[in-house]
Amino acid sequence: MTETLIGNFPFVAAVVLMGIALYILIFRRNLIKIVMGITILSSSVNLFLVTLGYRAGGIAPIYTDAPEGPMVLPVVQALTLTNIVIAVATSALILSLVIRIYRHTGSLDSKKSRRMKG
Amino acid sequence: MRQFFAWLFLIVLMVFLVIGGFEMVHPFGEPPSTMDQYIIDNAQEEAGSNNVVGAVVFDYRGFDTLGEATVLFAAVMGVLLVLRASEKKEET
Amino acid sequence: MSKIVRTVANQLMAFVLVFGLYVIMHGHVTPGGGFQGGAIIASGVVMLIVAFGSGQIKKFLRERRLSLVESSGALLFILIAFAGIGTVFFYNFLVGSRIFGGIPPTGSNPGDVWTGGVIPVMNLAVGLKVTAGLSAAVLALALFSSGEEMEE
Amino acid sequence: MATLIGHSSILIIAVPLLIAFLTPLIGMASKKARNAVVIVSLAFVAFLVFALARDVILNGIHIYTLGATFPGLTIPEGTMVPVRIILEVDGVSVFMGIIVAIVSLVAVIYSLSAMKGETGQNRFYTLLLLMVGGTFGMVFTGDLFNLFVFLEITSISGAALIAFRTRFADSQEGGFKYIVVSAIASLMILFAIGLLYAQYNLLNIGALAAAIQYTMLDRIALVILISAFVMKLGGVPMHMWLSDTYSVAPVSITVLLIAASQASMYALMRICFTLYGVTLDLAVVGWIIIAIGILSMFIGVTMAVRQTDITRLIAYNCVCEAGFMLVGLGVGLAVLGDVTALRTYGTAAISGAIFHVINHALFEGLLFLVAGAIFYRIGTRDLNQMGGLGHTMKFTAMFFLLGALASSGIPPFNGFASKILIYESVYQFNPILTIIGIFVSIITLAVFVKAFFSAFTGASLPKYEDIKEVPKSMIAAMTILAVIIIIFGLFPGLVVDWIVRPATDALVGQTSYINAIVGVIP
């Protein structure tokens, strides 16, 4: 039990990071903090995906002058790459919307600017 | 009241996920790899690329990358649309 | 920003460009690729915006032009994907041909740029697209928050 | 022609994307050319969808492996699992494809005059095409991660389009809310995909369905997937975003947003019926979905009663109608393992739900277009400020009445046909559900009658004396939807036989979906 506990710690770290992100998203009212929450959430998912592909003692999956050893799984790395780009795109769009909202209402508090909470 | 439910939701979710994290069927460092091993073995021959991740991104899962590029394109278009100068009338 | 910062940023931009292009064009041999290289060059543009101010940058990086480059990058990407439709969409039709057609020996090897089929071309397309797209987005955000008018 | 149909599934997704990348370039040269290209390309895509639908219904599941040496090569030599992304188009996918094709054409035709005079039209049409392509991708793909990517395309372009009218603070907030909800939902979906990948090292839905064992992790993934997709389609615990976004977007976009929500509904069906299928605790999951459905019906209709804003009223009605579909699906899911019950009423419930998906998209679309037409002419959405519009906007009034009656399930319109299917089959499962459903329908009718009277009848107000009927292209868009609604209402049997029954069979027949991927070992 203890061995799996220590061995599986990377997964739990990703989950804890996700918990922090969800805490921010649920309890914080500042729009910028909500954006941060989404970014942390996506980082936690990225961390989870990358840890999924790790092989003990593995090397990067690139054959150029590769040393001996098993290669870590490439597909999750591709998925992570995709998700990073998507996260960048999302946060760019959200930030531009936040700027617009700030121009209109002069406030970053979601209680003031949004008609309904949520 | 709402706070209480939010906390409850968060704690229950976290407990489940942490248990899930500990109970991963395949422990850290020993993932199952039927699909990935095929890609590692054949990427050089099929895609001609030394970088296996590159081969996955642009060949095996190229359609995802098209989607990803489209997401970025959409986001940039969205930023430019949202931050456009003013709503002057466009003459047609 | 002060004159020192501006001069240094100006000089550094050349290195950033070269490094970005290197990462883009060696995407199929070493770690990297279109997205990463594009992001590097775009970060160079961000450095210039910080050093010179968005109003100054606007004069030679027009949004319309950036938008055009981005569309062309995306078009190039999807057209390469369409070119494979003789067999199947996204088919790597350049492997074994005369353009980027080399096939590396199986296993560990020193690496050769002339391999990868459509992968380097797609990397280039994506690199163009990401550079232009991210620069345009950052420029738009910077211009808008500094209160300047943007062109359509 | 055969090659065109062979490649049609990818063309349907890729052509809107290609034209979207081209649109900014064409738009710089000429606005007329841009509009023409957008319409022609979407018409071409619609044609391909119908051709593909005919092919799928006659010849079975359509497989397209991207990047392989030929489209049918799902599993390469030397391995036992699919490696590349595979598009798998079966009855349900093609059914959803038909919805998206109709709705996107209508939205573009409507936008032609509704958007006249606004700035940023190039980007508007670009994002619209991206959204259409994303929705097509969501319903056609056979790969979980690909589904996630297309979900993101749809939500990002959707959010940007919701915020299109930058002069209103409301629309910016609507866009913000939509993208926050979608980002959270899609990241949770990606987390669940990671959980599935960790156990089976697969991303293909068919191959995963063959391998799935319903372990503890699978249950966690299932819970996350169901809640995320319910969030995306506006089911009740997470319905707040829906009215705020639907009411502020340009209406042609709202119509597409409905189609995107229906695509999330499709994803929910895929997850429950195809991915997990009979390994589920069918009764438990079925009842959970039924409970969400009943709650959506109740809360949707009670919130609709209180609204004075016409678009918010219709948006809450959307929540309510989504409840009907969820109840139908839940009943079908609850009896999936029981062959006799499935045959007597289970398939009928699923058919009703699926039929309601297309009807919902049609009549809610029509209602939103009408609301948009009113807004276009008088510049307000407040029902209390309207009155007597029926004198001058005759067509609009007629279309509103048509949509309202269809939505409340009055014969002979299409809403009746699908609701009666749901009522009859659900009655055999649990009579109380049917009674609730009929009750909710009656209140819906009352809500719409009230809205109709306050907007269109009565003495014509002096300030709206010189209001004219809306431009022709808006009338044309509404007419297309109205004609389809009437046809579906008059010949429900034909529609059920042609497109709904194949969709139901595809949803229930999990094995044929799996065999299409795994069974074809060269």
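Author: Two residues are in contact if their C-beta atoms, placed from the backbone, lie within 7 Å. The model shown is a predicted one.

Reader: How many residues does the contact take from chain B and from chain A?

Author: With the cut-off of 7 Å between C-beta atoms, both sides can be counted. The contact takes 41 residues from chain A and, from chain B, 35.

Reader: Which helix of chain B gives the largest share of the side that touches chain A?

Author: On the side of chain B that touches chain A, at least two residues each come from helix 1 (2-22), helix 2 (34-47), helix 3 (52-60) and helix 4 (62-82) of chain B. By class, this side of chain B has 23 nonpolar, 7 polar and 5 charged residues. The largest share, 8 residues, is that of helix 4 of chain B.

Reader: At what angle do helix 15 and helix 18 of chain D cross, and is the crossing left-handed or right-handed?

Author: Helix 15 (residues 394-407) and helix 18 (residues 472-490) of chain D have axes that come within 11 Å. These axes cross at roughly 35°, and the crossing is left-handed.

Reader: How do the residues of the contact of helix 15 with helix 18 of chain D divide into nonpolar, polar and charged?

Author: From helix 15 of chain D come Phe395(D), Phe399(D), Leu402(D) and Ala406(D). They meet Ile475(D), Met478(D), Ala482(D), Ile485(D) and Gly489(D) of helix 18 of chain D. Gly counts as polar, and the division is 8 nonpolar, 1 polar and no charged.

Reader: Which residues touch the most other members of the largest nonpolar core?

Author: Ile485(D), in helix 18 of chain D, is in contact with residues beyond four places in sequence, including Leu362(D), Phe363(D), Leu366(D) and Phe413(D). The largest nonpolar core has 340 residues. Those that touch the most other members are Leu93(A), Ala160(D), Leu366(D) and Ile485(D).

Reader: Why does Ser227(D) count as buried?

Author: Ser227(D) lies in helix 9 (residues 216-233) of chain D. A residue is buried if 20 or more other C-beta atoms lie within 10 Å of its own. Ser227(D) is therefore buried, as its number of other C-beta atoms within 10 Å is 20.

Reader: In strand 2 of chain D, which residue is the bridge partner of Thr65(D)?

Author: Thr65(D) points the other way from His62(D) and Tyr64(D) in strand 1 (residues 62-65) of chain D. Strand 1 of chain D runs antiparallel to strand 2 (residues 86-89) of chain D, and 4 bridges join them. The bridge partner of Thr65(D) is Ile86(D).

Definitions and conventions:
Residues are numbered from 1 along each chain as its sequence is written. Chains are lettered from A and ligands numbered from 1 in the order in which they are written. This is a predicted model: local features need pLDDT of at least 70, side-chain atom pairs count only at pLDDT 80 or more; totals for chains, interfaces and linings use all residues. Axes are lines fitted to C-alpha atoms, for helices over the stretch in contact, and angles run from 0 to 180 degrees between N-to-C directions. A crossing is left-handed if the near helix is turned anticlockwise from the far one by less than a right angle, and right-handed if clockwise. A nonpolar core is a set of buried Ala, Val, Leu, Ile, Met, Phe, Trp, Tyr and Cys residues joined through C-beta atoms within 7 Å. A residue is buried if 20 or more other C-beta atoms lie within 10 Å of its own, exposed if 12 or fewer, and partly exposed in between; C-beta atoms are placed from the backbone. Two strands pair if DSSP finds at least two bridges between them.
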